[in-house]
Amino acid sequence: MSLRAVDLTKIYLVGQGVKALDQVSVDFPPGSFTVVTGPSGCGKSTLLSILGGLERPTYGEVWMGERRVDRLGEGELARLRLGSIGFVFQAFHLLADLTAAENVAMPLRLARRPAARERALELLEQVGLGQRADHYPHQLSGGEQQRVAVARALANRPAVVLADEPTGNLDSRSGTDVIALLRRFNREQGQTTVVASHDPVLLAEPGRVLRLRDGRVE
Amino acid sequence: MILPYALRGVRKHAGVFALLAGTVAVSVALAALLLGAVSSATAAFVARVPPVPLPAPAVAFYATGGAGYAAQRMPTSLGQQLVVAGLPGTAGPGPGQVSAPTWLVQAANLRVGDPVVVGGRAFRLAATYTASWDHALPVLSVGRGSLPLAGKLYAGVDPPPGAAWVLRPGTGTAAARADLGSVYSPVDLVVAGVAVLGGLGVADTFLLSLLRRRRQLGIARALGWETGQVAAWLLLEAAGMAALGIVVGALLAEAVAPAAGLPRPGPADLLVALLVVSAALALAARRPAAWLRARTVSDLLR
């Protein structure tokens, strides 16, 4: 599914007001793999949050296919996140009370998909963690946790995958693994993938790079 | 879908719960001390009340419009005597009949159908009722710490063994005092105080768990939980904790109350506990619900 931002502007009302995004218009074609980069504070995270419906733009529009999503109600937005968007965060954000398999199965159960556990195990197998299914997050290394997070993001076969600094908390080897996973899923399953990162490994690879500076596209 | 996560939360936070249980135990101990103080103060007060001559002959239950008070001195296992009040509304079922608390009937070794002498007149015991923490007991509780009460109120008018006095309401201080006791006894106030403290504890735990897990809530929301589902999750979890607390509290009370000379908890107590906890949860959930709604998922994850 294509993902499109039109004139996105986000102003945070802190002190005199900070313009995190300034009229950003960008089109992510279906199945594309885009890296959004730029110095910290350039608006990468804000862009991804707004694209994924985690917050709303001050001005501008977000389109997912033919659907305008920045005006959806909270309930509809939640269902959109559940069914159509997969998130990967810098800090992994696994639920600490749940095992790896339960973390992956959670969106499946929420969406009332049958055989949630089987599908979760299959996904963990695909990210190379079949043996760690019943481990809790604190028993896993950072790289393993992030791979669980990738598996969870893909659980409901989303049309869009948004990864915000997915390698930011990882050593370079684990980071490379996670990037390879995101690339592989993008190639094999065709999710429109947007990765915010300033990881040189990611930037060196072929593909589209979108550079942001002070909330504008360079 | 939500229930398993809530149960897991209850399990996970058993540590917090233990802390809470400790706090409750301390408050119960404090309440018991307070109760002791209040009850000796009451005893001192009651001891100064001048003796009241009884209106005699007394009136049968049914004739008082169903709001009679039976008073009887009963030897307890400790060799003390108690003043017992009848339950308003459960008065004699018909002319020539009386009803009495089950424990009283058992203590007097009576059976339904047995003849009973009340106020010098013969009645038949028609029914018994269970009085654990009902209208009968506030009068008892006034008398508990101040057993001379019986002697004061009924000085010189001792009923024969196995017999009971029946008073018409509103005649003399004795009846008035019994009436007052049935509405607000100091024990009730202390119990209410403890219940309110417990409710505050529940509310507090709920708020704490919310703030401590702000990020977890953000994750759930990012993954597609709706605000209502998140709220239901937290409420279920809090309700689970509260239910656990009520069960543990009831068991503790069951074990400790007799030794402390307090009445054992009855169904009414559990009902009160449930009401207080539900009210506390409902109140505690209002602000967080608004708080949760006012925040974007990004805010929660930050």
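The model is predicted, with local features requiring pLDDT of at least 70 and side-chain atom pairs counted only at pLDDT 80 or more, whereas totals for chains, interfaces and linings use all residues. Residues are numbered from 1 along each chain as its sequence is written, chains are lettered from A and ligands numbered from 1 in the order in which they are written, and side-chain values use heavy atoms, with hydrogens and water left out.

Chain A contains seven helices and 10 strands (DSSP runs numbered from the N terminus, helices being H or I of at least four residues and strands E of at least two). Of the 218 residues in chain A, 56% are buried (under 20% relative accessible area; exposed is over 50% and partly exposed in between, with a 1.4 Å probe and protein chains only). The accessible surface of chain A amounts to about 9400 Å², and carbon and sulfur atoms contribute 48% of this area (Shrake-Rupley method, 1.4 Å probe; for residues, only the protein chains shown count as cover). Among the contacts in chain A with a separation of 6 or more, 70% involve residues 24 or more positions apart (contact being heavy atoms within 4.5 Å).

Strand E8 of chain A (residues 192–196) is mostly covered, with five of its five residues buried. On one side of E8(A) these are A:Thr192, A:Val194 and A:Ala196, and on the other A:Thr193 and A:Val195. E8(A) pairs in the parallel sense with strand E3 (residues 33–37) of chain A over four bridges, pairing requiring at least two DSSP bridges between two strands. Within E8(A), A:Val195 stands opposite A:Val35. Strand E7 (residues 160–164) of chain A is also paired with E8(A) in the parallel sense, over five bridges, and A:Val160 has A:Thr192 as its bridge partner. Together with helix H6 (residues 172–189) of chain A, E7(A) and E8(A) make a right-handed β-α-β unit; right-handed denotes a clockwise path from the first strand over the helix to the second, with the strands pointing away from the viewer.

Over all chains, the structure holds 16 salt bridges (a side-chain nitrogen of Lys or Arg within 4 Å of a carboxyl oxygen of Asp or Glu). One of them joins the side chains of A:Lys44 and A:Glu165, at 3.7 Å from N to O. This pair links distant parts of the chain, 121 residues apart, with A:Lys44 in helix H1 (residues 44–51) of chain A and A:Glu165 in the loop between E7 and H6 of chain A. A:Lys44 is buried at 5% relative accessible area, and A:Glu165 is buried at 10%. A salt bridge is also formed by A:Glu218 and A:Arg213, whose closest N and O atoms are 2.7 Å apart. Here A:Glu218 is exposed, at 57%, while A:Arg213 is partly exposed, at 44%. Salt bridges with shared partners join A:Lys10, A:Glu55, B:Asp299 and B:Arg302 into one network.

In chain B, B:Gln216 lies in helix H8 (residues 214–222) and is buried, with 12% relative accessible area. Residues up to four places away in sequence aside, B:Gln216 touches A:Leu95, A:Ala96 and A:Asp97. B:Val248, in helix H9 (residues 227–260) of chain B, is partly exposed at 34%.
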